[in-house]
Amino acid sequence: MAQIEYSGPATVYYLGLPVLEAKKVDLKFNANNKTVNTLSKGRAGHTAGPKVYELSVSNALPSTGPDVDWEELGAAQEVITLAVKFADRTYTLDGDIRDVSMSSDAEGGANEVSFSFEATLKART
């Protein structure tokens, strides 16, 4: 049986440039459908909901500061475009930074800055 080759790490892009310090990337899709329950049928179906993508990224924090100032982007509360590539598929998303957190660990790992981004799908290529 032939060996399967698996894709490498995901890449996040902001302003067309890769975010170089990303350590972990999670992309979640939620259709937000709602169940329709009736007295006679029970679960009778569903209504379509607003489709939402959530991108969560953890970045290593260089001593000179982050490669992208995610906190500043979140504070601006404006719509931005991010893209994320998994294997051969790129998701281009329009949305906003929802939260930013920073963490440090006594075990000697790099400090981290993490953020979540809620968006709609602009393109999937």
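1. Thr-38 has Gly-42 of strand 5 as its bridge partner. Strands here are DSSP runs of E of at least two residues, and helices are runs of H or I of at least four, numbered from the N terminus. The structure is a predicted model, in which local features need pLDDT of at least 70, side-chain atom pairs count only at pLDDT 80 or more, and totals for chains, interfaces and linings use all residues. Residues are numbered from 1 along each chain as its sequence is written, and side-chain values use heavy atoms, with hydrogens and water left out.

2. Two strands are said to pair if DSSP finds at least two bridges between them.

3. Asn-32 belongs to the loop that links strand 3 (22-30) to strand 4 (34-38). The phi of Asn-32 is positive, near 55°, although the residue is not glycine. Asn-32 has a relative accessible area of 21% and is therefore partly exposed. The classes are buried (under 20% relative accessible area), exposed (over 50%) and partly exposed (in between), computed with a 1.4 Å probe on protein chains only.

4. Leu-15 also calls for comment on its backbone. Its phi is positive, about 55°, and Leu-15 is not a glycine. Leu-15 sits in the loop between strand 1 (11-14) and strand 2 (17-18). Because its relative accessibility is 69%, Leu-15 counts as exposed.

5. Ser-114 is part of strand 9. With a relative accessible area of 15%, Ser-114 is buried. Leaving aside residues up to four places away in sequence, Ser-114 touches Val-57, Ser-58, Asp-99, Val-100 and Ser-101; contact means heavy atoms within 4.5 Å. With Ser-58 there is also a polar contact, side chain to side chain, at 3.2 Å from Ser-114. A polar contact is a pair of N or O atoms within 3.5 Å; within protein, one must be able to donate a hydrogen and the other to accept it, and residues adjacent in sequence count only if both atoms are side-chain atoms.

6. Ala-110 lies in the loop between strand 8 (89-103) and strand 9 (112-124). Its relative accessibility is 44%, so Ala-110 counts as partly exposed. From Ala-110 to Ile-4 the separation is 106 residues in sequence and 33 Å in space, C-alpha to C-alpha.
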